[in-house]
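Here are my notes for a first look at this structure. Please read them with the model open.

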Amino acid sequence: MAESDTDPLLVATLATLHTVLLVVVGVLGLLATGAAGDLLGGLDTLVGVLLFGALWGVVALTHRRLFGRVDLAGTSLVGLLRPAVVHGALTGWLFFLVLFLLVAAAFATSGGFASLGDLLTSLSIVLGAGSVLSLLVGAAVGVVGAVVDRALVRAVGLALPA
Amino acid sequence: MSLATELAVRWVHVLAVSLLLGGSALTWLALRQRRGTPARGAGDDPSLAPTLALAGGYEWLFWLAVGLLAVTGVGNLGAMAPAIPTSGPWTTTLVAKLLLLVALLLGSAWRTLLVVRLRAEIAGGATVGAGANAREDRTPRADHAALDARSRSLLRRSYAATTLVLGVLLALAEVLAHG
């Protein structure tokens with residue numbers, strides 16, 4: 001399917017659905033663990049808005065790329081899994097990069113390190129470990145997203161057979 | 001969070017809900033008014049095209065508002081931090097509201113995909129939920145008979161359900177704010 005064939009509304013819908021579901025599930029998790037007060041209390045409003053905007057933007061970008069290459073209607077769940085894993089991992093990594101840059105900038109300007117060498121070593125370790133973790137988490141979320149998307153397409157097909 | 005920021009976050013939150021609820025109610029009413037209206041002359045258009053244009057516009061607005069609702073909802077919760085209750089009736093209501101929101105999101109994604117599919121059928125393009133083979137034989141279906149009563153009924157009911165669920169969510173939000 002050519003990228004121009006993809007309805008932008010489809011991309012925007014699924015990107016926003018996945019982003020907001022992630023946030024809602026995250027909040028539910030924080031409530032269940034009792035960590036909502038501590039975490040949200042330490043989150044600046046502007047930073048929170050920027051992070052959400054970054055996540056939304058990254059997800060929209062990767063969804064546009066994904067559905068420019070994959071025909072959601074004509075691809076089975078099995079066929080959708082591989083591109084979903086790849087694009088999910090890409091989404092996770094790109095969002096981690098945004099997080100990393102924010103944290104690195106805050107850490108570098110705080111002066112809370114002994115030397116430049118210490119700073120670079122710490123950031124390299126965080127970048128490496130975080131990249132691996134974000135790729136794995138992103139891939140897993142991508143699989144869940146693919147299952148949800150296929151279920152929705154199937155539900156539309158059941159309600160309105162061709 | 002400063003008072004000005006807190007007010008701004010709440011204002012955007014309320015504005016987003018207003019757009020969602022008002023838009024779905026108006027789209028539902030527009031679909032109800034077109035129910036069973038036959039073509040009376042050459043200038044009349046009994047097809048779903050104008051309604052789908054309205055619905056498509058609302059869907060864009062819906063998902064934009066949902067994004068704003070999510071970020072400002074977390075902001076509203078953050079304004080209460082660190083004293084966010086972790087148990088009790090307030091927390092139960094919040095969890096119920098969030099679960100109902102998840103149901104609304106999934107149902108709304110289905111509704112939007114339905115609109116995308118019907119728009120594609122009118123244009124004779126790729127569809128959602130029809131399967132790959134169904135697209136092979138598709139020709140432009142701009143003629144009025146192509147989109148049947150079932151499509152209209154599905155759309156009408158989905159916007160009615162959206163309006164109803166949003167009303168319940170609004171009631172739960174009121175309980176959380178003032179209950």
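**Notes on salt bridges and the A–B interface**

1. Arg119(B) counts as partly exposed, at 25% relative accessibility. The classes use relative accessible area: buried is under 20%, exposed is over 50%, and partly exposed lies in between (1.4 Å probe, protein chains only). Asp7(A) is buried, at 18%.

2. On the basis of these notes: this is a predicted model, where local features need pLDDT of at least 70, side-chain atom pairs count only at pLDDT 80 or more, and totals for chains, interfaces and linings use all residues. Residues are numbered from 1 along each chain as written, chains are lettered from A and ligands numbered from 1 in the order written, and side-chain values use heavy atoms, without hydrogens or water.

3. Arg119(B) and Asp7(A) form a salt bridge, with the closest N and O atoms 2.9 Å apart. Arg119(B) sits in helix H3 (residues 89-123) of chain B, and Asp7(A) in the segment before helix H1 (8-33) of chain A, so the pair joins two chains. A salt bridge here is a side-chain nitrogen of Lys or Arg within 4 Å of a carboxyl oxygen of Asp or Glu. Helices are DSSP runs (H or I, at least four residues), numbered from the N terminus.

4. Over all chains, the structure holds four salt bridges. One of them is between Arg111(B) and Glu59(B), at 2.8 Å between the closest N and O atoms. This pair links distant parts of the chain: Arg111(B) is in helix H3 of chain B, Glu59(B) in helix H2 (residues 49-80) of chain B, 52 residues apart. Both Arg111(B) and Glu59(B) are buried.

5. Arg117(B) also pairs with Glu121(B), at 3.0 Å from N to O. Both lie in helix H3 of chain B, four residues apart, about one turn of the helix. Arg117(B) is buried, with a relative accessible area of 1%. Glu121(B) is buried too, at 5%.

6. Leu9(A), Leu31(A) and Leu160(A) supply 18% of the area that chain A buries against chain B, more than any other three residues. Buried area is the accessible area (1.4 Å probe) that two parts lose on being put together, summed over both.

7. Across this interface the rule finds one salt bridge.
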